[in-house]
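Welcome! Please have a look at the sequence and the structure below, then work through the exercises one step at a time.

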Amino acid sequence: MASSIHVDIVSAEGEIYSGSAAMVFVPAAAGELGIAPRHAPLLTTLKAGEVRVQPAGGGEEQLFWVGGGAIEIQPHLVTVLADTAARAKDLDEAAAQAAKQRAEEALKDRSGEMDLAEAQAELLRAVAQLRAIEKLRKMKRA
Amino acid sequence: MAGAKEIRTKIASIKSTQKITKAMEMVAASKMRRAQERMRAARPYAEKIRRVIGHISAASPDYRHPFTIERAVKSVGMVIISTDRGLCGGLNTNLFKSVLVQLREFQAQGVEVHLTLIGSKGLAFFRRLKLPVVSSITHLGDRPHLADLIGTIKVQLDMYLEGKTDRLFLVHNRFVNTMSQKAEALQLLPAIVQDAGDLQDRWDYIYEPSAAELLEGYMTRYIESQVYQAAVENVACEMASRMVAMKSASDNAGKLIDELQLVYNKARQAAITKELAEIVGGAAAV
């Protein structure tokens with residue numbers, strides 16, 4: 001079919017939509033983009049906004065909200081890679097800083113959980129020893 | 001002979017333990033199914049993004065992103081995914097053992113290792129080794145979100161771009177089936193990009209903005225999606241492993257109860273016999 005274009009909308013956490021469409025509208029970085037079948041191959045990024053899909057052969061227009069992402073367009077194929085998270089350079093940077101800090105704090109905090117884990121291991125060892133002693137006693141008695 | 005009452009309380013306590021392990025088994029079974037569904041749901045994204053990267057690298061062979069360039073290995077990064085909670089059999093232990101083997105190899109070659117730890121069991125274990133831990137995240141829950149992982153991964157990606165590490169590995173449990181999970185190490189960086197073979201004629205995209213910038217975004221998302229998928233898979237592994245462990249615990253508790261019941265019956269019978277003997281003896285004396 002020349003008058004339709006296949007659309008896949010996926011996010012990292014799941015597939016959102018897959019089907020053929022007569023027309024697709026996406027919020028591209030440079031402004032809204034209408035994609036008809038046999039569009040020139042194009043790669044671009046998406047802003048947060050709505051993706052509208054007009055299904056092939058009529059039917060109601062479908063709306064999807066994306067928080068940004070990327071789009072690949074080929075003459076018969078549109079792939080929308082939607083981001084599930086709000087992303088920006090400084091946001092990512094802040095998240096990275098937080099992850100670093102978590103690691104540092106976890107390493108510094110040697111008192112709490114660490115002692116607990118060690119105490120648990122010690123306890124297990126003691127219980128095993130006790131069990132062995134009990135068995136030995138029984139053997140002697142028998 | 002132990003007192004009948006003591007044995008009865010012991011049986012009661014084992015019964016309540018069995019109730020708990022049975023409940024945990026059932027919860028793990030249903031959570032496993034949901035985790036497997038999420039695993040399946042995450043697959044299309046990774047496939048599509050891999051295809052797009054393949055297209056780009058086929059369309060513009062002259063540009064190569066730093067993420068795809070091999071370097072001499074002096075220092076490596078490792079992302080290790082473990083569970084947050086215990087009681088899941090040997091899942092974490094097996095994973096850590098396989099990591100220790102790799103660490104020893106790196107040490108023998110004089111290669112530095114920088115760790116990123118996902119999951120509190122991994123953090124508790126590797127903190128004892130005194131290796132540099134560059135980033136970590138714990139308590140992702142049964143439903144990890146990509147948004148929580150972005151920062152943690154970015155630390156490693158930045159280190160790679162700055163040349164502080166020359167290779168990046170992802171260590172996680174692979175879900176083979178309910179009964180078996182396998183520790184697996186996967187090379188994330190440099191990424192191995194295969195050409196998309198299905199392109200008949202070579203054409204180029206219109207890029208908006210530049211190809212380099214787009215490729216960077218795609219590569220980052222690709223790696224993030226791989227780590228996300230591994231995290232989801234690890235949840236499925238955790239649940240499967242816990243289910244099996246709890247099933248064998250319930251079975252063992254059942255066996256223990258049977259044995260104790262036997263001992264209890266014997267003790268009760270012995271007590272009755274003794275009492276009868278005493279009565280008969282007493283009657284004879286009168």
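## Where the two chains meet

Between them, chain B and chain A bury about 3600 Å², with 61% of it on carbon and sulfur atoms; buried area is the accessible area (1.4 Å probe) that two parts lose on being put together, summed over both. The model is predicted, so local features need pLDDT of at least 70 and side-chain atom pairs count only at pLDDT 80 or more, while totals for chains, interfaces and linings use all residues. Residues are numbered from 1 along each chain as its sequence is written, chains are lettered from A and ligands numbered from 1 in the order in which they are written, and side-chain values use heavy atoms, with hydrogens and water left out.

**Exercise 1.** Describe the side of chain B that touches chain A.

*Solution.* Step one: count the residues in contact (heavy atoms within 4.5 Å). Here 41 residues of chain B meet 42 residues of chain A.

Step two: look for polar links. Nine residue pairs across the interface are in polar contact, both at pLDDT 80 or more; such a contact is a pair of N or O atoms within 3.5 Å, where within protein one must be able to donate a hydrogen and the other to accept it, and residues adjacent in sequence count only if both atoms are side-chain atoms.

Step three: find the elements. Among those giving two or more residues to this side of chain B are helix H1 (4-59) and helix H5 (211-285). H1(B) supplies the largest share, 10 residues. Helices (H or I, at least four residues) and strands (E, at least two) are DSSP runs, numbered from the N terminus.

**Exercise 2.** Which residue of chain A forms a salt bridge with Lys48(B)?

*Solution.* Begin with the rule: a side-chain nitrogen of Lys or Arg lies within 4 Å of a carboxyl oxygen of Asp or Glu. Three such bridges cross the interface. For Lys48(B) the partner is Asp8(A), with the closest N and O atoms 3.6 Å apart.

Now follow Asp8(A) into its own chain: this residue stands opposite Thr79(A) in E6(A). E1(A) and strand E6 (residues 77-82) of chain A pair in the parallel sense over six bridges; pairing takes at least two bridges found by DSSP.

**Exercise 3.** Is strand E1 (residues 5-11) of chain A mostly covered or uncovered?

*Solution.* Count its buried residues (under 20% relative accessible area, 1.4 Å probe, protein chains only). Six of the seven are buried, and E1(A) is mostly covered. Next, look at its neighbor: seven bridges join E1(A) to E2(A) in an antiparallel run, and the two form a hairpin with two residues between them.

Note on methods: Buried < 20%, exposed > 50% of the residue type's maximum accessible area, 1.4 Å probe, protein only.
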